[in-house]
Amino acid sequence: MKNPIVIGASWIAAYIVIILFPLLILLLYPPTPSDERSFLLEFSAALGFIGLAMMAMQFALTARINRIEASYGVDLILQFHRYTSIVAFFFILAHPIILFINNPETLQLLNFLTAPWRARAAVIATLALMAIIITSIWRKQLNIPYEPWRIAHGTLAVIIVTFGLGHALGVANYLGLFWKAVIWSGIAIAALWLLVYVRLVKPYFMQKKPYLVEAVIPQRGNVWNLVLRPRGHAGINFQPGQFAWLTLEISPFRMREHPFSFASSAEHSDACGGSSQRIQFGIKALGDFTNTIKDVQPGTKAFLDGPYGVFTTDRYENTAGFVFIAGGIGITPIISMLFTLADRQDERPLLLIYASKTWEDITYREEIEDLKKQLDLTVIHVLKEPPEDWSGERGYIDQEILERYIPKRPATRNYFICAVPKMMDQVERALHELEVPVTHIHMEHYNLV
């Protein structure tokens, strides 16, 4: 496998080239001699065009393109999407501010009733951008439900790119030449096509491959295994530790989907060793949607978009073994990896350090005990509230506990961490202190919506 750091750096370089390339095109055959336009005016225009190109690229970042996602994972791409949107916002906002400073008379362009249409387009695009930033950063504080927010998010994004491009074409200083206008219009059309693909084309194909709920199995820790079987197709192939976006009961066009990790083996084998296309998701009852999982009836229709994720042991076949560190429901992708390794009769040494609140809260406790009979698996439970006769580890997973159990040569293993963000940050820092190479630490984040 190619070096993931090289692949990741290549995609970042490609992103920078893509957002700067449209600007470089504008420098060919500049409209006026450079001495007729001040530096501030040119700088302002450059910021505006870069900001517009970055906003167009946001459509690609959220389109779940497999080749890109396979280099980083959806969680990191969405984080990058959020941060670059903020950067684009400041670039675009700086564009008119610099104009006003350079020429205060241009402030009259803010008068929506008397301003020319190109200025009105700029005002509309900027207001839409402000709305999309505010509702994205403070969505939960504003109590905006996810589905209406997602619809509004896509609508505002279309407004930003469409009216932003309309403003640039209307000003025409740099887009006066026909071929330049065509290139920039092509960029906008490509961005809008990605939105159409995600919202219409992909749901259409998802609808052609439905699943039916076969069972809902209760687990410890207020977790439920949702068991699905494909209807009329071969099912989905995934790597252990990956996840999919689940739409339950309603049409996939409704955009009410939720990401859940697979909790079953990627080898599609059943308990008797036979072939099975059933898949399972481990879902903890934490919110409005997840609290309803226990009431889902067999026969309910479901749709999947996936698989996604790079949090998988399949990417590290040459490692000498694995260390898994889980907290609570973070065991879900890890149990998928363990089931898969057991089905493949993997002989490498495995270590699971699993933090739970109480002994009764340990999700998949019995399954993990059974896996110890099939794998070279050492399990260390860390309980926050242990019973009185508990002789094992207690409290939280810290550097002291990790140092007691991880291999003396830590670089010989790959480490998979899945838990709440605070625990993952603490464990990551502790592993760095214990000289675990950063390239050997893999984490799964769940803040996707």
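Predicted model: local features only at pLDDT ≥ 70, side-chain atom pairs only at ≥ 80, totals over all residues.
Residues are numbered from 1 along each chain as its sequence is written, and side-chain values use heavy atoms, with hydrogens and water left out.

**Overall make-up**

The protein contains 11 helices and 12 strands, where helices (H or I, at least four residues) and strands (E, at least two) are DSSP runs numbered from the N terminus. Its C-alpha trace spans about 80 × 50 × 40 Å along the principal axes. Of the 449 residues, 48% are buried; buried means under 20% relative accessible area, exposed over 50%, and partly exposed in between, with a 1.4 Å probe and protein chains only. The accessible surface, by the Shrake-Rupley method with a 1.4 Å probe, comes to about 22,600 Å², and carbon and sulfur atoms account for 61% of that area. Among contacts (heavy atoms within 4.5 Å) between residues at least 6 apart in sequence, 73% join residues at least 24 apart.

**Nonpolar cores**

In soluble globular proteins, nonpolar side chains tend to be buried together. A nonpolar core is here a set of buried Ala, Val, Leu, Ile, Met, Phe, Trp, Tyr and Cys residues joined through side-chain atoms within 4.5 Å. The largest such core has 40 residues, of which L26, F49, M55, F59, L129, I132 and W184 touch the most other members. Two or more residues each are given to this core by helix 1 (4-26), helix 2 (39-61), helix 4 (74-102), helix 5 (117-137), helix 6 (146-171) and helix 7 (178-207), and helix 2 supplies the largest share, with 12 residues. Leaving aside neighbours within four places in sequence, M55 is in contact with A88, I92, L129, I160 and V161. Another core, of 28 residues, lies apart from the largest one and includes F311, I334, I335 and I362.

**Aromatic pairs**

Rings of Phe, Tyr and Trp (its six-membered ring) pair if their centres lie within 6.5 Å, and planes under 30 degrees apart count as stacked, over 60 as edge-to-face and the rest as tilted.

| Pair | Centre distance | Plane angle | Class |
|---|---|---|---|
| F89 and F90 | 5.3 Å | 65° | edge-to-face |
| Y316 and F416 | 6.0 Å | 70° | edge-to-face |

The second pair links distant parts of the chain, since Y316 lies in the loop between strand 6 (301-308) and strand 7 (322-327), whereas F416 lies in strand 11 (residues 414-418), 100 residues apart. Y316 counts as buried at 15% relative accessibility, as does F416 at 0%, and F89 is buried at 13%. F311, Y316, F322, F324 and F416 form one aromatic cluster.

**Backbone exceptions**

Most residues other than glycine have a negative phi, and most peptide bonds are trans. A cis peptide bond joins G306 and P307, with omega about 5°, and P307 lies in strand 6. E249, which is not a glycine, has a positive phi of about 75°; E249 is placed in the loop between strand 3 (243-248) and strand 4 (258-261) and counts as exposed at 58% relative accessibility. Phi of E435 is likewise positive, near 65°, and E435, in the loop between helix 11 (421-433) and strand 12 (441-443), counts as exposed at 66% relative accessibility.
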